[in-house]
Amino acid sequence: MFDGTAARFEGVTAVVTGAASGIGLAAARRLAGEGAQVALLDRDATALEAACADLSASGGSCRGFALDVTDEAAVERSIDIVESEIGAIGVLVSAAGVLESGSVEGQDLSLWDRTMEINLRGQLLIARAVLPRMQSRKSGSIVMVSSVSAVVGDKGVSAYAVSKAGVASLSKQIAAENAANGIRCNCVLPGWINTPFNDVVFSSQKERSEEVARTVPMGREGTPNEVAALIAFLSSAEASYVTGSEVLIDGGLLLGVLS
Ligand SMILES: NC(=O)c1ccc[n+]([C@@H]2O[C@H](COP(=O)([O-])OP(=O)(O)OC[C@H]3O[C@@H](n4cnc5c(N)ncnc54)[C@H](O)[C@@H]3O)[C@@H](O)[C@H]2O)c1
């Protein structure tokens with residue numbers, strides 16, 4: 001049983017996408033802090049370098065790969081390098097994602113395609129690159145980052161919501177196909193989390209605070225570290241009987257409180 005002090009990821013190699021910012025960065029920090037050797041994948045080379053420097057300065061072991069998760073060859077190459085130069089991948093956290101606004105009838109189709117390409121196809125590509133290695137060892141854990149938008153109506157972000165529903169389903173397909181292979185796959189569904197991600201949705205901090213206060217029973221946004229703690233749990237051996245799950249982390253946003 002985890003007593004809160006043991007390093008749950010000692011000797012584990014972890015790959016985290018979207019690792020230069022927000023939830024991915026917090027997950028990478030958490031895994032590295034608990035002993036993992038972490039490969040950070042992100043398309044923002046400058047932020048990635050800063051993230052790696054930060055992790056290394058706190059004693060973590062990390063290496064950055066600047067790539068776009070939609071670039072299949074680059075993704076495959078990075079996983080080859082991780083396996084040959086860092087270690088056998090035991091944990092994958094797939095967090096890279098983008099948010100574009102647009103209603104169903106008003107959606108710019110190129111943004112629709114781009115959203116699906118990054119949020120859904122990107123998660124497929126990284127999983128496909130890692131899965132055969134995990135299968136050959138009959139061991140591994142994957143956590144995909146979906147969203148509360150996957151399971152409710154969410155006005156004005158149709159492409160995003162549909163892509164995240166796809167991620168939740170993809171996670172279940174991976175779980176189903178690999179349960180007998182010793183590989184678990186779960187997804188987390190965050191509500192409002194305090195990262196730069198939602199900046200496109202709000203025109204001001206005041207609007208953001210009012211929306212959060214109005215919709216979230218706990219009255220605040222979640223922190224990336226709170227999501228990272230859940231991701232770390234799902235990634236760890238403590239969650240050894242958890243697979244195919246969608247776990248909400250939303251301060252009660254989807255409780256549907258009536259009064
Ligand atoms: N912040 C929230 O409120 C919230 C809520 C629900 C779900 N999520 C999900 O959490 C995940 C992480 O979001 P965040 O809040 O940390 O946002 P963030 O903007 O802080 O981080 C996202 C990271 O993904 C990277 N990225 C984007 N497109 C990429 C690509 N094509 N290739 C490689 N890297 C790419 C960005 O460079 C960035 O570093 C996303 O999948 C998002 O959908 C966030």
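Trainee: Why does Arg63 count as partly exposed?

Mentor: Arg63 has 33% relative accessibility, and since buried means under 20% relative accessible area, exposed over 50%, and partly exposed in between (1.4 Å probe, protein chains only), Arg63 counts as partly exposed. Please keep in mind that this is a predicted model, in which local features need pLDDT of at least 70 and side-chain atom pairs count only at pLDDT 80 or more, while totals for chains, interfaces and linings use all residues. Residues are numbered from 1 along each chain as its sequence is written, and side-chain values use heavy atoms, with hydrogens and water left out.

Trainee: What makes Glu85 exposed?

Mentor: Glu85 has a relative accessible area of 52%, and the cut-off for exposed is over 50%, so Glu85 is exposed.

Trainee: How do you know that the side chains of Glu85 and Arg63 meet in a salt bridge?

Mentor: A salt bridge is a side-chain nitrogen of Lys or Arg within 4 Å of a carboxyl oxygen of Asp or Glu, and for Glu85 and Arg63 the N to O distance is 2.8 Å, so the pair meets the definition. The pair links distant parts of the chain, with Glu85 in helix H3 (residues 72–86) and Arg63 in strand E3 (residues 61–66), 22 residues apart; here helices (H or I, at least four residues) and strands (E, at least two) are DSSP runs, numbered from the N terminus.

Trainee: What is the N to O distance between Asp80 and Arg133, and why is this pair called a salt bridge?

Mentor: Their side chains meet at 2.5 Å, N to O, and the definition asks for within 4 Å, so the name applies. Asp80 lies in helix H3 and Arg133 in helix H4 (residues 109–137), 53 residues apart. Asp80, with a relative accessible area of 38%, is partly exposed, and Arg133, at 21% relative accessibility, also counts as partly exposed.

Trainee: What makes Arg114 and Glu117 a salt bridge, and where do they lie?

Mentor: The closest N and O atoms of Arg114 and Glu117 are 3.4 Å apart, which is within 4 Å, so the pair qualifies. Both residues lie in helix H4, three residues apart, about one turn of the helix. In general, side chains of opposite charge can pair when their charged atoms come close.

Trainee: How many salt bridges does the structure hold, and which residues do shared partners join into one network?

Mentor: The structure holds 15 salt bridges, and those that share partners join Arg8, Arg30, Glu34 and Glu238 into one network.
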